[in-house]
Amino acid sequence: MNNPVVIIGAGLSGLRAASLLAAEGTNCKVLEARDRIGGRVLSSSDPNKPDLGKFDLGPTWYWPQYESTITSLVKELNVGTFPQYSKGAMLSERSQNIPPERYVLPENSSARSIRFIGGVQSLIDAVADTIPSGIVELEKRVTEIRLDEDGAIKVVVAQADGTRKEVSARAVILALPPRIVARHIHFSPSLPKNMITDLISKPTWMGGQAKAIAVYDRPFWRKSGLSGFATSWVGPLQEIHDASPETGSGALFGFFGMPAKSRHEMGEDKLLYLVIDQLVRLFGASAQNVKAILYKDWSKDAETAAEDDLVPLSDFPSYGQPPKSGVWSKKIVFAGTEANSQYGGHLEGALLAAEQAVYEINNLEEF
């Protein structure tokens, strides 16, 4: 059968699956709704001050002590990395009226995390460079997947110009957040009820979160013996880290402690004002001298988050492959970080899910 394996989603998992399939000579095609590759990987710079560097508004780190797949791939593709800065004391803010407490963590108290020179986008670009041209198609939103009576798969695509087209497929890899699959793609015949229930029950990793990055001309906090790591019970940022490039400018990024709906009601301008105010409380007056500020609310990203993701998480999600049964069991395969049970939510999980998807594609009985 000459029809391609169609991969929906050009995030790390989808691109890695395409790279592996193309390397073994399998005909494949990647369809991506966005106008860029990377999915939840988003390394951005201030368009007016690009010299300050690129900063990760999505995932930031990996841990080579525990994550062998991404470690091997980074080495294979010769992607530049550097260790997360961690020297110095951390800060703990328990009350807005009390100065933050300062703690020196024991050496080697936490696993050393690694960052990418130029942001995680450098890994995305390196993987994309291994895929032959013409395989990845942007601004192609999949709206329907249909299985005809003769067993043929038709993927219905909405294009940027408003037209629609059908793509024939021998199998489909869904490299998307599970809730996006369940809520945004129509299947005919319908997916089994237990599969739909499973997909909806899996929160999109970071789907309800937002990230703010304050960029400075230098990492001034380091001269005060601070690592840039801080926790807060006050907010709006709950957890803060040094996001500085390996050399040059300085940056602090934080995850928000407030629910998505509260952020939406407050508005971005007010929210970022409070962010700078908090950084001044924690790191001193120099934190007022912001050169750029970057913000991404993933709960507002229609290609990432479903409405279900606005509800704050009460504990770490349970990830892994959904149950398979019925007519779709030999036709669709799941990838994406939520499809991996051990490293779900990590870049490692996205890569392992891609490898598993390719393995399943190669072992489908009908092929």
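## Helix H2 and its two partners

Axes here are lines fitted to C-alpha atoms, for helices over the stretch in contact, with angles running from 0 to 180 degrees between N-to-C directions. Helices (H or I, at least four residues) and strands (E, at least two) are DSSP runs, numbered from the N terminus. This is a predicted model, in which local features need pLDDT of at least 70 and side-chain atom pairs count only at pLDDT 80 or more, while totals for chains, interfaces and linings use all residues. Residues are numbered from 1 along each chain as its sequence is written, and side-chain values use heavy atoms, with hydrogens and water left out.

Let's start with helix H2 (residues 68-77) and helix H3 (residues 121-128), whose axes cross at roughly 65° and come within 11 Å. The crossing of H2 and H3 is left-handed, a term used when the near helix is turned anticlockwise from the far one by less than a right angle (clockwise would be right-handed). On the H2 side, Ile70, Leu73, Val74 and Leu77 meet Leu123, Ala126 and Val127 of H3, where contact means heavy atoms within 4.5 Å. By class, the contact of H2 with H3 has seven nonpolar residues, no polar ones and no charged ones. For these classes, Ala, Val, Leu, Ile, Met, Phe, Trp, Tyr, Cys and Pro count as nonpolar, Asp, Glu, Lys and Arg as charged, and the others, Gly among them, as polar.

H2 also meets helix H8 (residues 347-363): their axes come within 8 Å and cross at roughly 85°. That makes H2 roughly perpendicular to H8. Here Ser68, Thr69, Ile70 and Leu73 of H2 touch Leu347, Glu348, Leu351, Leu352 and Glu355 of H8. The residues of this contact divide into five nonpolar, two polar and two charged.

## Helix H1, largely enclosed

Helix H1 (residues 12-23) has 12 residues and reaches 16 Å from its first C-alpha to its last, close to the expected 16 Å at 1.5 Å a residue. That expected span is 1.5 Å times one less than the number of residues. Nine of the 12 residues of H1 are buried, so the helix is largely enclosed by the rest of the structure. Buried means under 20% relative accessible area, exposed over 50%, and partly exposed in between (1.4 Å probe, protein chains only).

The buried residues of H1 are Leu12, Ser13, Gly14, Leu15, Arg16, Ala17, Ala18, Ser19 and Leu21. Just after the helix, Gly25 takes a positive phi of about 85°.

Leu91 sits in strand E6 (residues 89-93) and counts as buried at 4% relative accessibility. Setting aside residues up to four places away in sequence, Leu91 touches Pro100, Glu101, Arg102, Leu226, Phe229, Ala230, Thr231, Leu282 and Phe283. Its C-alpha is separated by 36 Å from that of Ile37, 54 residues apart along the chain.

Ser44, in strand E3 (residues 43-44), is also buried, with a relative accessible area of 17%. Beyond its neighbours within four places in sequence, Ser44 is in contact with Gly53, Lys54, Phe55, Leu57 and Leu294.

## Backbone features in the loops

Most residues other than glycine have a negative phi, and most peptide bonds are trans. The peptide bond from Ser188 to Pro189 is cis, with omega near 0°, and Pro189 lies in the loop between strand E14 (186-188) and helix H5 (193-201). The bond from Gly235 to Pro236 is cis too, with omega near 10°; Pro236 is in the loop between strand E16 (226-232) and strand E17 (237-242).

Glu139 has a positive phi of about 55° although it is not a glycine. This residue lies in the loop between strand E9 (136-137) and strand E10 (140-147) and counts as partly exposed at 38% relative accessibility. Met206 has a positive phi as well, near 70°. Met206 lies in the loop between H5 and strand E15 (210-216) and is partly exposed at 22% relative accessibility.

Key:
Angles under 35 degrees count as roughly parallel, over 145 as roughly antiparallel, 65 to 115 as roughly perpendicular and the rest as oblique.
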